[in-house]
Amino acid sequence: MSLFLIMLPLALATLVGCTKPAQKLNRGIGPPSVSAGNIEPPKPVLAQPSPTSATADHPTSSLKSLPSRSAIVQSAARLVGARTIASQGKRIAYDCAGVTRAIFLEHGIDLYRGDFNDPKENGVRLIHNHVRQHGILHRGSNVSPGDLVFFDNTWDFNGDGKVNDPLTHVGVVERMEPDGTVVFISRVANAIERYRLNLNQPHVHKTADGRVLNDYIRRKHPTDSHHAARLTGELFSFYGTVLEPQKIIYSDDIFIRDESRQRASVIDER
């Protein structure tokens, strides 16, 4: 299975690329190997997962061992700058959800797998649903590399001209900076890049000395109000993980832990 990153020009149709409903996504792709190609012939950049790394139904819940956080981050970092992604000769949706899915597929985890999926949902909501079933969601300050970060209202998903679209964007946390800024990898504009999020100062784009705290993640629309939220800190929704359970109890106290499964259930869902 090959994942190809091809540097091709793309029309910038929207600031955020998570636009495809679930029924248009190929949800039958297995764990991939990943390779990159520019003008030169393709060459491998990510490792082939082991044959026992996934199962047919719910790979996250039955892996013999979960991938390390550093392995997830390395996979994400290697996709920075990619313009297309293909797996087993088939294109994976080149949007934020498809990119996030590809990162975890390389390690035997299909984030689109889950129960009770609505066929009208987008890929971000499929991933959110998977994390609810097999991982932990939280809004606390305890975030680690390899976690997922979800956003609301990054674009008008339902097309009604209103800011009422939860779970429209997702990325993978790469690192945390000393000032509390979270650096995450996602496809936002016309390529996969690094973006920043600072929940301590959610309404600040740049500091006086020019450091970016929060990137713009929503395109300004004519129907938006003058004070419409556009920054990552303003549109943040959840953190989530399907990796090793967190040892810290989140101060928000919005989740209850099922110790028998080492998973969590949302009790303050939007």
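Rings of Phe, Tyr and Trp (its six-membered ring) count as a pair if their centres lie within 6.5 Å. I'm working on a predicted model here.

**Entry: aromatic pairs**

I ran that search over the whole structure and got four aromatic pairs. I started with Phe151 and Phe184: their ring centres sit 5.3 Å apart with the planes at 35°, so I logged the pair as tilted. I then looked up where the two residues are. Phe151 belongs to strand E6 (residues 148–151) and Phe184 to strand E8 (residues 182–187), so I noted a link between distant parts of the chain, 33 residues apart. Both Phe151 and Phe184 come out buried.

Next I took Phe184 with Tyr195. Here the ring centres are 6.0 Å apart and the planes are at 35°, so this pair is tilted as well. Tyr195 is in strand E9 (residues 192–197) and Phe184 in E8, so the pair ties together parts eleven residues apart in sequence. I checked burial again: Tyr195 is buried, as is Phe184. Put together, the ring pairs join Phe151, Phe184 and Tyr195 into a cluster.

**Entry: H3 against H4**

How do the axes of H3 and H4 cross? I found that helix H3 (residues 96–105) and helix H4 (residues 123–134) have axes that come within 8 Å and cross at roughly 40°. That makes H3 oblique to H4. For the contact itself, I listed Cys96, Ala97 and Thr100 on the H3 side, meeting Gly123, Val124 and Ile127 on the H4 side.

Conventions:
Residues numbered from 1 in each chain as written. Predicted model: local features only at pLDDT ≥ 70, side-chain atom pairs only at ≥ 80, totals over all residues. Heavy atoms only, no water. Axes fitted to C-alpha atoms, helices over the stretch in contact; angles between N-to-C directions. Helix = DSSP H or I, 4+ residues; strand = E, 2+ residues; numbered from the N terminus. Parallel < 35°, antiparallel > 145°, perpendicular 65-115°, else oblique. Contact = heavy atoms within 4.5 Å. Phe/Tyr/Trp six-rings, centres within 6.5 Å; stacked < 30°, edge-to-face > 60°. Buried < 20%, exposed > 50% of the residue type's maximum accessible area, 1.4 Å probe, protein only.
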